[in-house]
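Hi,

Here is the structure I promised to pass on. Have a look at it first, and my notes on the pockets follow below.

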Amino acid sequence: MDHDTPDFMAMFDAAMRPGVDARGYYHRNVQVTVNGDSYMVRVPMEESEVMDLSIWPEHEILSVLPPHFAHAPRLLYVHDDPYFQVQEFIEGDRVEDLHPHGASVPVRIVDEIVTLFSELLSFPESGIPPLPAGWPADGDSNGFGAVLLRLGRSLREVHGKEAPGLFERLGIPEDPFFQLEDGLTALAVRPFRLLHGDIHRGNMIKGARETFFLDWQLSLWGDPVYDLADHVHKMGYTPDDKQRLIKGWLGVAPDGCQRRWSEDLNFYLAYERVKSSVVDTVRWSRRIAEAPTGSPAWRTAVQELAAKINRARPYWSQGCAGAVAADRVASAVMEFHQN
């Protein structure tokens, strides 16, 4: 920066003003401009429900990324109390705004995602922040998968208590992860790698020349096939784009990381679909309740939640007949919110 060091606390105050546009689930994300320079102020949203696994504060992982990652935002400042970060502001458009979920992604962007995976797969273990006590040992894919299943089950238990009857109305069992146990025990031993944990269209900024990858707060040290599955699940790729992405991943992944990758990719995809049915029942039911009944937003939310549940149903009930109809979803959600 050519200017004097900016007043970061003043940035925080500006970001916390009422009415400021601050989209994000776990953070308020506010662009603040000082002397012609733009910054991104990220403040945790304490009211956000924890729906994902997180082992490091985001600033800890951002601080160790350089020089290994060319397309992650630079961490400029961290304040402890109140806690907030200031990152460099990345100019550009979110990929989800340019190429919505389900639409084809330009070849160049897919190739840049492959480059990101290459950087993740080559990041040294010596460079990561300290791991939490009891974290699975390197290569313990079974232990890593067990951590994920515990998270999924805890989410079903907690939100089942907070929304009594809603999951039952939608046909989601008390333990929708039960059928995944066999796949868990069969996971291959693979060396652990740095995982981004949340690579999707909303976390990518297409700049003038290149794509940047944001939101590193869900980064993990674990089975690299999980990061691939999480990405494929969240991206909504076309078949051709998915094939290109996986071919690219296989081209950069070390041999040890590729051991039984296809079978275990299916296990992690099943996990993500079941977890989505739990998490998104909470999130989408609120969208349905808040939208005017019968409005386009209401109908879209109903159809999306029905699709999420139907993608997960085969994994919790092998003899599951038929699909959950959108009208059943609508009536279940409306009945729950009226009680």
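The largest pocket has 43 residues in its lining, and those nearest its centre are His 200, Lys 234, Asp 280, Arg 283 and Trp 284. Bear in mind that this is a predicted model. The space in that pocket comes to about 1,700 Å³.

Which element gives the most to this lining? That is α10, with twelve residues. At least two lining residues come from each of β1 (27-34), α8 (224-235), α10 (261-290) and α11 (296-316). Sorted by class, the lining of the largest pocket holds 21 charged residues, eleven polar and eleven nonpolar.

Now for the second largest pocket, which has about 410 Å³ of space. Its lining is made up of 19 residues, with Arg 23, Met 40, Phe 89, Arg 94 and Ile 205 closest to the centre. Two or more lining residues come from each of β1, β2 (37-44), β4 (84-88) and β5 (93-94). By class, this second lining has eight charged, seven nonpolar and four polar residues.

Is Gln 338 buried or exposed? Its relative accessible area is 63%, and exposed means over 50%, so Gln 338 counts as exposed. Between the C-alpha atoms of Gln 338 and Ser 262 there are 45 Å, and the two residues are 76 apart along the chain.

Cheers

Key:
Residues are numbered from 1 along each chain as its sequence is written. This is a predicted model: local features need pLDDT of at least 70, side-chain atom pairs count only at pLDDT 80 or more; totals for chains, interfaces and linings use all residues. Side-chain values use heavy atoms; hydrogens and water are left out. Buried means under 20% relative accessible area, exposed over 50%, partly exposed in between (1.4 Å probe, protein chains only). On a 1 Å grid over the protein atoms alone, a cavity is a set of points where a 1.4 Å probe fits but cannot get out, and a pocket is an open set with protein on both sides within 12 Å along at least five of seven lines; lining residues have an atom within 4 Å of a point. Grid points are joined across faces, edges and corners, and a volume is the space filled by probe spheres set on the points. Helices (H or I, at least four residues) and strands (E, at least two) are DSSP runs, numbered from the N terminus. Ala, Val, Leu, Ile, Met, Phe, Trp, Tyr, Cys and Pro count as nonpolar, Asp, Glu, Lys and Arg as charged, and the others, Gly among them, as polar.
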